[in-house]
Amino acid sequence: MRRRELIALLGGAAVAASLAARAQQNVMSVIGFLGDLAPDTATLAVSMFRQGIAEFGYDEGRNVAIEYRWAEGRFDRLPALAAELVERKVNVIATFVGTIPIVFSVGVDPVAVGLVASLARPGGNLTGVTNFGTALLPKRLELLSELVPPNSAIAMLVNPNNPAAPGVSTPVEELARAKGLQFHLLNAGSETEIETAFEMLAQLRVGGLVITPDPMFNSRDSQLVALAARYAVPTIYYRREFVEGGGLISFGPSFAASFRQVGVYAGRILKGAKPADLPVHQPTKFELVINLKTAKALRLTLPESLWARADEVIE
């Protein structure tokens, strides 16, 4: 499904939600939660979201109901799931997919893709959190380049089914060339294609790998970490959870904090706030996490520059 199509659909949900809110003043409020993961891999997201709405006095099952829908990493499932929430006439929709309903969490610049008028004043009925996931890809390449020999080959793994995929590699490729590094773009849109991509890495003798932010990769974190270890490829990720599971290094905002902020905004909207008046939240802290055990297994000597910048070293 195209980004604009889903925005239109969920935008309609926002209007329906507003009307429903007026008609259900004496009925328990309902939040639609549209998740891109499988439910068993989204326990942190749900927990932090509940903490966010709790700050405004909302407790699931007591004075608010939450309707969960899970895409399980498949973008093609989003239209039907979104339509279900529209039909359900929920009061507000929270989502962690790459497109926008009422309160969103995205890894792209929402202004650049036309989702909001500005970060400070979103306008319309859309607001949420931006994690700058794709914007941080050059920085991740910069960090990874400190771990590989000069003139090495670097690859980036992308899910071609992600609406944000086109053009995402351009700034990374330009930086790689400026650093004298060979660059390879590898596509993987399924579990099998991930396996194939790592086989290609071995054939290309790639010295390092950048994983792009993607719901499907979130749900395949164990597979990605295991393959990086099997093929001994130094890999940088976008979430600390990969590193906690045995990955080498990650750089990005705290996703737990993002999930909580989405809950906060959902709570404020249920209390009567207008999305147009809620500025898009931007992370102020970015975590650099390193797994020392994995570095030793890869026989890597971490430069002092990385040690000094690391927010956490997992031993």
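1. In this predicted model, helix H4 (residues 137–145) packs against helix H5 (residues 170–178) at an angle of about 30°, and their axes are 8 Å apart. Because angles under 35 degrees count as roughly parallel (over 145 is roughly antiparallel, 65 to 115 roughly perpendicular, the rest oblique), H4 is roughly parallel to H5. Axes here are lines fitted to C-alpha atoms, for helices over the stretch in contact, and angles run from 0 to 180 degrees between N-to-C directions. Helices (H or I, at least four residues) and strands (E, at least two) are DSSP runs, numbered from the N terminus.

2. On the H4 side, Leu137, Pro138, Leu141 and Glu142 meet Pro171, Val172, Leu175 and Ala176 of H5. Contact means heavy atoms within 4.5 Å. These residues divide into 7 nonpolar, no polar and 1 charged. Nonpolar covers Ala, Val, Leu, Ile, Met, Phe, Trp, Tyr, Cys and Pro; charged covers Asp, Glu, Lys and Arg; the others, Gly among them, are polar.

3. A further pair is helix H6 (residues 191–204) and helix H8 (residues 221–230), whose axes come within 10 Å and cross at roughly 20°. H6 is therefore roughly parallel to H8. This crossing is right-handed. H6 contributes Glu191, Ile194, Glu195 and Phe198, and H8 contributes Gln223, Leu224, Leu227, Ala228 and Arg230. By class, the contact has 5 nonpolar, 1 polar and 3 charged residues.

4. An open sheet is formed by 7 strands in the order E7-E6-E8-E9-E10-E11-E12, with mixed pairing. Two strands pair if DSSP finds at least two bridges between them. Strand E7 (182–187) and strand E12 (312–314) are the edges, each pairing on one side only. On average, neighbouring strands of the sheet are turned by 20° against each other, direction ignored.

5. Within that sheet, strand E6 (residues 153–158) and strand E8 (residues 208–211) run parallel and are joined by 4 bridges. Leu157 stands opposite Ile211 in E8.

6. For the whole protein, the count is 12 helices and 12 strands. Among contacts between residues at least 6 apart in sequence, 74% join residues at least 24 apart.

7. On method: local features need pLDDT of at least 70 and side-chain atom pairs count only at pLDDT 80 or more, while totals for chains, interfaces and linings use all residues. Residues are numbered from 1 along each chain as its sequence is written, and side-chain values use heavy atoms, leaving out hydrogens and water.

Definitions and conventions
Left-handed = near helix turned anticlockwise from the far one by under 90°.
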